[in-house]
There are 2 protein chains.
Amino acid sequence: MTDPESQGRPGAGLSRRGLLGLALGAGAAGVAVGVGGAALVARATDPRAASPADTHPFFGEHPSGITTEVQDHLHFAAFDVMDTTSRDELIELLQDWSYAASRMMLGLEVSASGAIGGSPDAPPDDTGEALGLPASNLTITVGFGPTLFRTDEGADRFGLADQAPPALAMLPPFLGDDLDPGHSGGDLCIQACADDPQVAVHAVRNLSRIAFGRARLRWSQLGFGRTSRTSAQQQTPRNLFGFKDGTANLLATDEQALAEHVWVSTEDGPAWLAGGSYLVARKIAMKIETWDRVRLAEQEQITGRTKGSGAPLSGGDEFTPPDFAAAWGSGMPTIDPASHVARAHPDANGGIRMLRRGYNYVDGNTALGRLDAGLFFLAYVRSPERFITVQRSVATDLMMEYLLTIGSGIWAVPPAPAEGSFIGAALFA
Amino acid sequence: MTDPESQGRPGAGLSRRGLLGLALGAGAAGVAVGVGGAALVARATDPRAASPADTHPFFGEHPSGITTEVQDHLHFAAFDVMDTTSRDELIELLQDWSYAASRMMLGLEVSASGAIGGSPDAPPDDTGEALGLPASNLTITVGFGPTLFRTDEGADRFGLADQAPPALAMLPPFLGDDLDPGHSGGDLCIQACADDPQVAVHAVRNLSRIAFGRARLRWSQLGFGRTSRTSAQQQTPRNLFGFKDGTANLLATDEQALAEHVWVSTEDGPAWLAGGSYLVARKIAMKIETWDRVRLAEQEQITGRTKGSGAPLSGGDEFTPPDFAAAWGSGMPTIDPASHVARAHPDANGGIRMLRRGYNYVDGNTALGRLDAGLFFLAYVRSPERFITVQRSVATDLMMEYLLTIGSGIWAVPPAPAEGSFIGAALFA
C-alpha cells in the first residue's frame, strides 16, 4: 500500500464536528482542520504505518476486535451519554468516533492535521503519543449498552427504545458478584486492543476527547497477557492463577461455530444488529495470595486441567477433549464434576460456546499489601442468555471460592459499518 | 548456553528459607523443594529461555536495570519490613530475593521445583503465570529506603543506622507536590522491567510472596511506553503529553558520564554502596485533558522543543543541542528560559545529569471521567542532592501547571552482588 489514506478513507457519512468542536473551543475555527499538505505526518509517512500486516479493517461485515488474532494489550472504556439528550448529537458522536477509529486502525492520527499538522494557534486534533508508532494491529470495537436505549428510570432519550434488542438487559445477579457500580455498565463501550499499550491508550484517550460535551468516561480498564487465542498459531497464554486459559476458545477459522455461537443472525433480530454480537465484560478479582497457598493437586482438581501442559486431568495433551466419564480405580471421576472445566464445558451447558477475549490485570495493590489483580473477562455471544447459562453453571464451581466479580457490563456490538458509513448507522436509519 | 542453570547459579550465600517456609506452611516440609530431575520445567527447557540475547546478569558490578537498554514494561513495588525486626530475617529475605531474582532473570522459575515440579501435596514454589514465556530481558533492581536504616520514629530496627548514607533521607517538599503516603516511601523497593508485562508482574508477585512474614507490599505501580532510552539504537519514545521524552538521557555506552553522574564512587561513601546508585521515583499525574486544550505553539513553548521531531526550538534535529542564546528578531529567546528543557538542562543545574527510566501509566479514570494518567518518573543519580537541585529548578518551569506529583520515594541501590552472594551483602558484613 503506497498511500494509506486511500484505503478505508472515511466517507461522506462521517462527521468532523467533534474535532471541529475542539478547535472551535480554542477560538480558532476552521484553522486547525482540513489542512492538507503538511498534514500527513509521522504516522502516515512512517513506512511501518498502515502496512497490511499490522492493520485490520474498520469497515466491512463483522467488527474487527472479535475474531481478530488476540492482541497482547487492552484498554477498555465505558461511557455515559451524559451531556446531551439529542439523537442528532449521538449520531454525530458515532460518526466522529467512526472517522477517528477508521484512521487510527490504519496507523494514522485522528484527523488529517493530527498532532502537529494544524495551526500552531489551535490545540492539536491528535494528542500525539502514538506519533511514530506502527498501527500495532489496533482494533476499536464499539458497543451499545441497555441504558442507551432506555435509562434505568425508563427514559427513551434518543428515540431508540423500539429498536432495543429484547434480550439486552443488565445481567441478573450471580453468586460471587460484588459489583462496583463505578466499574459496571455504561451507555457505550470501546474495546481497544493492540500489540502496544501506548497505541491502545492513545485510541481510548482520543475517542474520550472527541466525546467531550456528549459522552463521558464512566470507567476504564487496562489489561495485558491476553488470556485467550483466536488463532491456532497463537500459544495459549496463562491467567494469574498460573493456568493456561482459553484452550478451547472459538477460533477465527471456525466460521460455522462463529455463526452458531457468536454472530447475531438476521433471524435473531433486531435487524440492525445482524452480523454483530453481544459483548459481556466481567472484572473478576482473583484472591491470588489465597490461591497461591493451595496445594498443586487441589489447584488442578479445581481447574480440571494440569498446571503444566494444560491437559485435562483425564489425560492427553492440552487439546485432548476432556473425558468426563474417566474415573480413578476408586471410581472417583478423574475430572471433578464441580471443576471449572467441567462446569464451563459445552456438555454442561447445552452445547453453548463463547468467544473469549480476556486479559490479566493488576491495578496496584490493596491496603493490606495484596496485589489488586485478576482477570478482565470479555466474551462475545450470539445472545445474552448464552452467557447467563454458562455463568450460572460456573458460579458454583470449585474455583469461585477464589474469585469475586467486581465489575460487569453488557453491550450490543453492531456489525462493522459499510465503507463510508458509521458505527450503528442501521440503528438510526 | 546449553544449560541455563550453569550460568549465575545461586550460590551458598543464598537462602531458601522463604521458599521452604512457604512449603512448610502447607505442612509438607522438605518435600516440595530440592527435588531434581522433573524440577527443570518449561521455562528452563524452553529453548527461548535463558538465551544470552534476552537475559541480563544478576551478579557482577553494577546492578542490571539501570543502564540496561530500557524495556517496554515496568512493575515497581515498595515494601515495608513490617513483620519482623530481626536483622537475620532481613538478611534471609535479601538472600531469598537474590536466589529467586537471579533465577527469574535467566527465565527460570523461582526455585528448581517451580510451579509444577514439586509435590502435588504442597503449594507450588512458583505461581506459574510466566511458564513458557522467555526471560524477556527481565531485570530486578532492589533499593534500600531511608526508613530501613532508621524509622521515622528514630528506631534502628536492624542495627543499620551507622551504615546509612548521610544523604539518604526523605526528599524535601517541592512545589507541585501533593503526595499520597500510600504511594510514597518504603523500606525496600523492587524495580522489575521486562519486554513482557506478564514477566514483570510475575517477578514482583513472586518476590512479594517470598517476603511473606517479613516484608509487605506498601504500594506498586505498573508502567508502559518507556519514556527514556539508554541506547543509541532505541528510538526516543513519547510521554502522554505527546512529546518525545528522554532525548538527552545518559547512554549505557557513556561510561565516563555514568561514573560522573550515576554510580556512587568509593570516595562518596558509604563503602557498601560504591558501584551502586540512588533511585528516585516520582509518580507525576498529568492533567492531560487540560494540556490537550493548549495551543500547539504554547505546548512547544512550555516544553522548549517541537512536538514533531523533538528538536529544540532553537533549531536543528532532535539531537541538536539547544541554543539558549538564540533569539527571535524581536529579541525574545527562541527557547523560553522557563521552558522545561531550559530548566532541566545541565547548564541550568551546574552540569548535573540524571539517568532517567520513566514509564507512562494509566490507572483507570477519576470520578470526573478523566484518565488517571501520567508519568512514573524513575531516575538514578550519584547523590540525592543532584536530583533535588534539578527538581528545584524544574518545579517552577512552565510545565508544572499541568503536573501534580502524587507519589515519591528514594532508595539507595547497592551494587550487584558478587557471584553466589546476595543483594546488599556488604551492608551487613
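A:Pro270 sits in the loop that runs between α6 (255-261) and β5 (277-286) of chain A; helices (H or I, at least four residues) and strands (E, at least two) are DSSP runs, numbered from the N terminus. This is a predicted model, in which local features need pLDDT of at least 70 and side-chain atom pairs count only at pLDDT 80 or more, while totals for chains, interfaces and linings use all residues. Residues are numbered from 1 along each chain as its sequence is written, and chains are lettered from A and ligands numbered from 1 in the order in which they are written.

Back to that loop. The peptide bond that joins A:Gly269 and A:Pro270 is cis, with omega at about -10°. In chain B, a cis peptide bond joins B:Gly269 and B:Pro270, again with omega of about -10°, and B:Pro270 is placed in the loop between α6 (255-261) and β5 (277-286) of chain B. Most residues other than glycine have a negative phi, and most peptide bonds are trans. On the phi side, A:Asn137 is not a glycine, yet its phi is positive, about 60°. A:Asn137 belongs to the loop between α3 (87-104) and β2 of chain A. It counts as buried because it has 24 C-beta neighbours inside 10 Å; the cut-offs are 20 or more other C-beta atoms within 10 Å for buried, 12 or fewer for exposed, and partly exposed in between, with C-beta atoms placed from the backbone. Over in chain B, B:Ser136 also has a positive phi of about 60° without being a glycine. B:Ser136 lies in the loop between α3 and β2 (139-144) of chain B, and is buried, with 25 other C-beta atoms within 10 Å.

How do the two chains relate? The same surface serves both, as 100% of the contact residues of chain B recur in chain A.

The contact between the chains takes 51 residues from chain B and 51 residues from chain A, where two residues are in contact if their C-beta atoms, placed from the backbone, lie within 7 Å. On the side of chain B that touches chain A, at least two residues each come from α5 (197-210), β4 (216-224), α8 (296-303) and β7 (359-365) of chain B. Of these, β4(B) gives the most, eight residues. That side of chain B divides into 22 nonpolar, 17 polar and twelve charged residues (Ala, Val, Leu, Ile, Met, Phe, Trp, Tyr, Cys and Pro count as nonpolar, Asp, Glu, Lys and Arg as charged, and the others, Gly among them, as polar).

A:Arg218 is found in strand β4 of chain A and is buried, with 24 other C-beta atoms within 10 Å. Leaving aside neighbours within four places in sequence, A:Arg218 is in contact with A:Ala78, A:Phe79, A:Asp80, A:Gly186 and B:Gly369. The C-alpha atoms of A:Arg218 and A:Phe79 are separated by 4.8 Å, though the two residues are 139 apart along the chain.

Finally, the core. The largest nonpolar core has 226 residues, a nonpolar core being a set of buried Ala, Val, Leu, Ile, Met, Phe, Trp, Tyr and Cys residues joined through C-beta atoms within 7 Å. Among those with the most contacts inside it are A:Leu138, B:Leu138, A:Met286 and B:Met286. This core draws at least three residues from each of domain 1 and domain 2 of chain A.

Definitions and conventions:
Domain bounds come from an automatic or database domain assignment.
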